[in-house]
Amino acid sequence: MYDRQVRPPGEMAVAGSVRPVGLAPLKDDLAPEKRALAEDLRRVFLTLGISVRRYAARRFLNASSVTRYLNGERVPPWTFVAGVIADVQEDQAPLTPEAEAALRDLHRAALKSNKHSSEVQGLQDKLAEADEDTRRITTRQRALEEALLDREGRLAKVRGQCRNLETQLEEQRLARRGEVELWQGEYERLQEESCDLQKQVMHLQESLAVTRAELIAAEDRCQQLETRLETFQELGGGDGREEDGQAADGAPSIMVMLEEADRRSSVSELVRAVGDLELRTRKAMASELVRSASESRTIEEVAGLLSALRQAGFDAYAQTVLPPMVVARSVDDTSALARELLREGLDEYVVILVQASVEFHRPEDVAEFAIALHRAGLPQHAEGLLGAAAVVRAVPDLVSVTLTLAGGELDDAVVAAMSAAAAQRSVCDLVTLSVALRDACLARHVDVLQRAAAARRPASDVAELMGSLTHQNLEQDAESVFVQTQNRSVGHLILLVQALRDGRARSVLSRAAECRPVHDVAVLMSELYMTGHHQFAADLLVLAVRTRAAEQIAELLEILGGMATGSESIMRAAARVLPPAEVAALLTWLEWRGLSEHADALFRCTVYDDLVGQSGLFLEALAEAGSRYARQDVLCRHAGDMEPATLASLMLALESASLTSHLDAAIHVRYVECPVLDVVQLAKRLHSTGGAGLRAERVLRRVVDHLVRARSLADQAVLVGALQSAGLGTIAERLTTEALKAHGRLFREQLTWEQTKHEQKVMSRAFWLPDRARRRSTHPGGGD
């Protein structure tokens with residue numbers, strides 16, 4: 001099939017000699033670009049094998065226009081050339097891609113010879129690209145709308161399920177409250193019984209250890225007697241007697257050693273006996289020996305014994321005997337022993353005594369032991385005892401210890417213990433402890449407990465604590481925790497805002513906006529935006545702008561501009577999530593504080609990117625506030641820089657806000673001398689705006705009225721044809737009607753001429769005139 005190649009100059013005449021039937025040869029005075037296009041277009045048309053008139057009838061074209069196109073007298077629009085190519089393809093004689101591209105290049109070169117046609121074609125190409133973009137964006141918009149409807153439906157469903165679950169949980173909680181109170185009493189009874197049984201078990205373990213030691217001693221004595229008996233029988237001598245209490249080798253009897261441990265044996269003898277028992281794998285007996293000595297000797301001797309055992313490598317026996325001593329000995333003895341052990345350098349043994357006291361002592365004994373340690377010059381160990389008790393003992397025991405020591409010499413230590421409890425106990429325990437301390441009139445300790453929890457617990461725990469305190473009718477305590485926890489780092493505030501589910505989140509933002517350094521506010525705002533909490537970020541921006549001075553706001557926005565989010569992103573989020581009235585108020589505050597650059601950015605984010613209804617409310621609020629951004633000159637300046645799509649939205653917003661004078665001014669500024677294509681794009685955009693309805697009709701009516709008053713008759717006639725070509729027949733009819741009302745016969749003649757100016761009238765006198773004279777005679781008012 002035909003594929004245009006670059007021809008030598010000598011082939012031009014031959015190409016021109018081949019022409020469709022009914023066409024004259026090409027004129028010699030044609031521009032080279034037009035001639036080249038006409039030659040190739042004739043070659044393509046020749047493949048159809050039909051006459052010009054027949055082709056014109058087939059495609060509903062004017063035969064004279066087709067003739068001019070093929071003769072090179074006029075450069076055809078690309079739609080005509082594309083139609084010829086399509087007809088050739090239907091005849092199963094398609095052009096190669098290279099030939100079609102060459103023909104397009106010739107067409108563009110021919111258009112360049114005529115500046116007006118070139119500009120029209122360029123605008124048509126841009127219009128086609130813009131139309132393609134519009135269709136693509138429309139498709140994406142529909143997909144997003146469907147996705148939004150789906151997500152909103154799912155969100156409503158999930159929220160409904162959450163509300164149902166909350167209702168069920170509340171019902172179950174109320175139903176179980178009575179059962180919990182009942183089982184709480186049962187739990188306390190079982191706890192007391194457990195403590196009694198634990199003491200009995202310890203006593204029985206001690207008795208069992210003594211019995212085992214006696215059994216071992218008896219078996220050892222029997223073995224010795226049997227050995228001596230066998231020896232005497234073999235030798236045939238001896239009376240088989242030994243001195244009471246002495247073994248054959250002169251060593252003291254083990255049983256006698258146990259019996260005399262609390263009377264005569266020295267520390268060195270006791271340590272040597274323990275070593276002997278250790279070698280003979282009599283560990284239980286060694287433990288019983290140490291325990292018996294520890295319970296019967298003086299505190300100084302016990303400390304010396306434990307130190308000697310430590311030095312001899314029998315540390316395990318020393319550590320094992322310490323907990324039973326806490327139970328068996330008095331509190332004064334235990335504190336004195338702690339002082340002696342500390343003097344011997346056995347700090348870890350003192351820690352064991354403290355741990356045993358926390359585990360086994362009654363609350364009043366714990367308090368007494370703490371006082372004894374404090375008076376013995378061991379205040380750190382007293383504080384450690386109280387801190388450990390505050391963490392592990394039951395809430396009633398802790399309250400009892402606190403009541404015993406409150407107001408005394410260890411009152412500060414008890415207060416410090418409350419901080420330890422706040423850091424490590426569960427939130428439920430903290431609430432129970434707060435209630436119990438309030439009932440016991442220990443307000444200072446409650447304050448310390450809650451202040452420490454607010455300062456040290458994670459944000460989720462703090463939020464849970466506030467909710468539980470409120471549920472227990474301790475609203476003042478909950479408020480105190482809420483105020484104190486806001487003094488922590490910015491990172492904690494971010495997690496706290498995310499954890500809170502009520503109006504307290506906004507209170508956190510309000511306090512941060514008022515009291516925090518500007519850098520902290522910027523970091524908090526940026527992190528909230530980055531974590532997807534755009535509403536909180538926008539609220540914080542509004543609160544900061546409302547409460548801060550102008551220089552601080554400028555510093556805040558500058559810091560945001562240097563962060564990853566950027567100040568414009570925060571502005572765009574505020575324009576999207578805040579109500580229009582609040583956005584208008586935010587812009588007004590920025591404007592009054594002299595931050596015009598940021599105010600202009602917020603205005604663009606709202607008017608250029610927002611929905612029509614939101615923009616209308618926004619402009620209406622600006623007008624009520626007296627903002628300069630609602631003035632006609634400012635809006636007209638923005639309208640002059642807008643794309644047609646954005647300008648259509650602005651016009652609809654102005655109409656929605658009842659700012660008709662502003663709307664008229666924007667139309668006047670933009671469409672006094674603009675190309676006809678811009679008017680068509682605006683009309684098409686307004687006509688296709690979904691959801692605008694009567695508002696779009698009113699704006700179109702104003703545009704048409706303005707065009708009828710301001711534009712020339714020729715422009716109006718051209719615009720009618722352009723609107724019809726763009727499929728906007730209704731708007732074209734309205735323009736025609738209004739123009740006829742305003743101009744009457746003059747517009748009708750101009751419209752008739754515009755619609756028939758390309759028709760070739762063979763019988764008219766103008767047809768035989770030269771081209772220039774023909775144009776003058778056929779144009780209305782062009783004749784002499």
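1. The structure is a predicted model, in which local features need pLDDT of at least 70 and side-chain atom pairs count only at pLDDT 80 or more, while totals for chains, interfaces and linings use all residues. Residues are numbered from 1 along each chain as its sequence is written, and side-chain values use heavy atoms, with hydrogens and water left out.

2. The protein has 40 helices and zero strands, where helices (H or I, at least four residues) and strands (E, at least two) are DSSP runs numbered from the N terminus. Of its 784 residues, 40% count as buried, meaning under 20% relative accessible area, whereas exposed means over 50% and partly exposed lies in between (1.4 Å probe, protein chains only).

3. Helix α22 (residues 475-485) and helix α24 (residues 504-515) have axes that come within 11 Å and cross at roughly 40°, the axes being lines fitted to C-alpha atoms over the stretch in contact, with angles from 0 to 180 degrees between N-to-C directions. That makes α22 oblique to α24, since angles under 35 degrees count as roughly parallel, over 145 as roughly antiparallel, 65 to 115 as roughly perpendicular and the rest as oblique.

4. Cysteine 441, in the loop between α19 (427-439) and α20 (443-456), has a positive phi of about 60° although it is not a glycine, and it counts as exposed at 69% relative accessibility.

5. Asparagine 473, in the loop between α21 (459-471) and α22, is likewise not a glycine but has a positive phi of about 65°; asparagine 473 is exposed, with a relative accessible area of 60%.
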